Amino acid sequence: MICGQIAAMNANVRDTSNTTPPVDAPQRSDSARDALPGTPAAQAVQGGAVAGASPTFSPLYQQIKGLITQSLQAGEWKPGEIIPSEVDLASRYKVSQGTVRKAIDELAAENLLVRRQGRGTFVATHHEDRVQFRFLRLAPDSGEPHHPPSRLIECRRMRAPAEIARQLELRAGDGVILIRRMMDFSDRPTVLDEIWLPGSLFRGLTAEKLNEYKGPMYGLFEDEFGTRMIRAVEKVRAVAADDMTADLLKVPKGFPLLSVERVSFTYGDKPVEVRRGWYVTTEHHYQNELS
């Protein structure tokens with residue numbers, strides 16, 4: 001099945017069985033030499049190398065990375081579970097261990113996998129602190145960052161407003177879930193979240209379930225609904241508190257707030273959450289690391 005997937009990824013690459021290369025043909029890449037002769041992986045890379053300028057070409061390790069990601073998306077290895085060793089994956093995909101290691105390195109850098117010294121490589125989970133703080137960037141001006149308790153304000157199903165439908169790639173009027181919650185830092189209202197989710201992906205999500213769950217909200221989405229947040233795009237701006245926001249955050253109307261609008265994506269770059277947050281930053285700041 002896996003070999004067939006690799007071959008399918010390159011089915012549109014022209015035949016390269018002619019052993020006499022044209023004068024301007026590029027040299028074979030290391031990836032082409034790495035794949036075992038006669039395997040679909042080797043044929044895929046060989047075809048891509050000759051196609052050189054084709055935008056569909058990708059190095060062999062990137063193709064292996066794609067296949068591992070497909071297995072993660074299909075749930076072959078669940079969050080928190082160990083994945084097969086590099087040796088086993090190399091045997092499975094008929095490539096070298098070095099190629100598998102390079103693919104896993106990238107997936108670890110993207111926080112999809114976690115390497116644990118002496119134990120192996122595991123599927124990342126939203127229950128790990130370092131993963132939680134990838135999506136919660138508010139830090140105290142003094143002291144250590146921590147995940148604050150939250151209070152649910154409302155959870156209801158409704159028809160998607162046009163802008164939310166556009167951001168979630170739904171049809172206007174499709175069912176969505178609206179969640180509003182407050183996050184308290186040092187017993188002070190600090191973050192007001194407005195969260196929009198596709199109703200079809202989160203069937204069974206209720207206020208009771210949200211109140212009963214003791215872990216992070218993304219952990220609930222992962223455990224109960226099989227939806228993992230892979231990446232997010234955010235827009236940050238300064239705004240003045242309106243009547244509703246001021247009342248909930250216990251600040252005067254017009255008080256300066258930090259507004260953060262996020263669209264979160266799961267596997268396949270599918271948008272699965274729109275989140276609008278209003279932050280009180282008198283004792284906190286929004287921290288991000290660029291690399």
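**Exercise 1.** Which residue just after helix 4 takes a positive phi?

*Solution.* The model is predicted, with local features needing pLDDT of at least 70, side-chain atom pairs counting only at pLDDT 80 or more, and totals for chains, interfaces and linings using all residues. Residues are numbered from 1 along each chain as its sequence is written, and side-chain values use heavy atoms, leaving out hydrogens and water. Helices (H or I, at least four residues) and strands (E, at least two) are DSSP runs, numbered from the N terminus. The residue is Gly75, with a phi of about 80°.

**Exercise 2.** Determine how much of helix 4 is buried.

*Solution.* Buried means under 20% relative accessible area, with a 1.4 Å probe and protein chains only. By this rule 10 of the 14 residues in helix 4 are buried. Among them are Leu60, Ile64, Ile68 and Leu72.

**Exercise 3.** Work out the strand order of the open six-strand sheet and name its edges.

*Solution.* Two strands pair if DSSP finds at least two bridges between them. The order is 4-5-6-9-8-7, with antiparallel pairing. Strand 4 (150-159) and strand 7 (231-240) pair on one side only, as edge strands.

Technical notes:
Buried < 20%, exposed > 50% of the residue type's maximum accessible area, 1.4 Å probe, protein only.
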